[in-house]
Amino acid sequence: MHRLAQFDVSRQFQTRRGKKAAQYGFGVMCAGAMIGVRTTVDLIAPSSGPFALIYPTVLLATLYGHLRAGVTAAILTFLWAWYFVLPAPSSFTFTNPTDPGRVVLNAVCCLIVMCFAEAFRRAAHGSLKEIQRSADRRLTLLAELEHRTKNNFALVASMLEFQKRRLSDITLHRPIDDAVGRIRTFADAYSNLAYEQAEHSDVEMELYLDALMNRLEKAAVPSHVRLYREIEPATLPRETAVAIGLYLNEALSNCLKYAFPDGRSGTIGVFFHVTEGEWRLTVDDNGVGHGAVSDGSGGLGTSLMAAFAQQAGGTHEAAPIVGGFRASLSSSRVAATDTATAR
């Protein structure tokens, strides 16, 4: 219905002459369709309701072809019905003394329908244009906000870098470097989402996560670590997509930081699966396991991942597996199903 409300036969034409020709042509087509239907009806009920089909014809012609189409359809169908259907057939003369008033009344009613249809069309199209302008303004403001957010992330990272250079205690450099790295990954997640999905309120997760991992792979994954991915297509709300992207950033950062010490080779697997509208993000590695995670179960990384899971409306789980470690983020229904199965 939304597309039908926006339909306009002359919209695709650029010149004024082309638009007029399309509108007149649409009026002729509507009149022709009505005449065909009326001719079929005459086989069953000749001369009954000679002007009945004119009203829907004029209404449709005006709504989708402007006033010109409505006037064209009205004139053609009215004259045709008067000449061929109204007694006497094939003549503009009247056999019934009440027919002149009948013709005038139908003509006035047809004019009223046409005027109201044109007024409604203009109001509807005006409202749609205003909605589009409002949406464009919001997109512009959103793009500006995202740009400022990215700049603010960069400013905070620079301030931390400056503060680090002023510290004489080298042992304090590592936590500051961790904080700077997280801030930069947050900025990358928001920047990538703004670039890839600027015109949509929903996010295509296959494109988003794939682009995000490509950027991380080029920037942070060493040559001795392989990043494998298996991402199924899904469309999620923007806020949920941001949270999943940040969760993935943090999970990959932990893998790269702790799972492969001293140049150890290995593989990180990223899986995003969708089943009946529910999703699960899993990050596996075949590294040294849980013992490598130096900040423990209550560290900053775990807290951040739990916070991102809450923002995504999902459940975060992290545990060692045979030959490595696994972190997963699942939508609530998937998590509930897994818990019930385990019981």
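Tutor: Gladly! Let's begin with a bridge: Ile-268 has Asp-285 in β5 as its bridge partner. Before going on, note that this is a predicted model, where local features need pLDDT of at least 70, side-chain atom pairs count only at pLDDT 80 or more, and totals for chains, interfaces and linings use all residues. Residues are numbered from 1 along each chain as its sequence is written, and side-chain values use heavy atoms, with hydrogens and water left out.

Student: What makes β4 and β5 a pair?

Tutor: Two strands pair if DSSP finds at least two bridges between them. Eight bridges join β4 to β5, so the pair qualifies, and the two run antiparallel. Their hairpin has two residues between the strands, and Glu-276 there takes a positive phi near 50 degrees.

Student: How do you know that β5 also pairs with β7?

Tutor: By that rule again: six bridges join β5 (residues 278-285) to β7 (residues 324-331), and these strands run antiparallel. Thr-282 stands opposite Ser-328 in β7, while Val-283 has Ala-327 as its bridge partner there.

Student: Why are β2 and β6 called edge strands?

Tutor: The open sheet has five strands in the order β2-β4-β5-β7-β6, with mixed pairing. β2 (225-231) and β6 (314-321) each pair on one side only, hence the name. From one strand to the next, the twist averages 10 degrees.

Student: What makes α7 a helix that packs on the sheet?

Tutor: Contact means heavy atoms within 4.5 Å. Helix α7 (residues 238-259) touches β2, β4, β5, β6 and β7, and its direction makes about 15 degrees with that of β5.

Student: Why are α3 and α4 called roughly antiparallel?

Tutor: Axes are lines fitted to C-alpha atoms, for helices over the stretch in contact, and angles run from 0 to 180 degrees between N-to-C directions. Angles under 35 degrees count as roughly parallel, over 145 as roughly antiparallel, 65 to 115 as roughly perpendicular and the rest as oblique. The axes of α3 (residues 54-85) and α4 (residues 99-166) come within 11 Å and cross at roughly 170 degrees. The two helices are therefore roughly antiparallel to each other.

How values were computed: Helix = DSSP H or I, 4+ residues; strand = E, 2+ residues; numbered from the N terminus.
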